[in-house]
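Student: Could you walk me through this model, starting with the overall fold and then the surface?

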Amino acid sequence: MEQVLNLDMKEYRLLCEAERLKNIDREYWIHAQAFANNKATLRDRKGRLIYHRMNDLFDYEKELKRETSKTRKTRKKEENPYIRAMKKYLQEKQKKGE
């Protein structure tokens, strides 16, 4: 916990993004296992496979794009005037050595 408290905002954001990406990878492997388990048995009424490829069940690239678009939106939100003013105040305070 001590390490998390010592992170600056940039490092904290990277840590959060890494956790979200790790969760996407975890989801992918869960779906891959489900795909492997059910590939032989999951068929429609005519006997054809429902999921022919893994991407039919879980689109990994789509999930990554969705996650990166989320992080871009949160970065834009951070640039509001209050946060900018707080950053400026903290930088000035550091320069003075307080």
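Tutor: Happy to! Helices (H or I, at least four residues) and strands (E, at least two) are DSSP runs, numbered from the N terminus. Residues are numbered from 1 along each chain as its sequence is written. This is a predicted model, in which local features need pLDDT of at least 70 and side-chain atom pairs count only at pLDDT 80 or more, while totals for chains, interfaces and linings use all residues.

Student: What does the secondary structure of the protein come to?

Tutor: Reading from the N terminus on, the elements run α-α-α-α-α. The secondary structure therefore comes to zero strands and five helices.

Student: Why does Leu15 count as partly exposed?

Tutor: Leu15 is found in helix H2 (residues 9-38). Buried means under 20% relative accessible area, exposed over 50%, and partly exposed in between (1.4 Å probe, protein chains only). Leu15 counts as partly exposed because its relative accessibility is 45%.

Student: What percentage of the residues in the protein is buried?

Tutor: The protein has 98 residues. By the cut-off just given, under 20% relative accessible area, the buried share is 10%.

Student: What share of contacts between residues at least 6 apart in sequence joins residues at least 24 apart?

Tutor: Contact means heavy atoms within 4.5 Å. Among contacts in the protein between residues at least 6 apart in sequence, the share joining residues at least 24 apart is 50%.

Methods. Heavy atoms only, no water.
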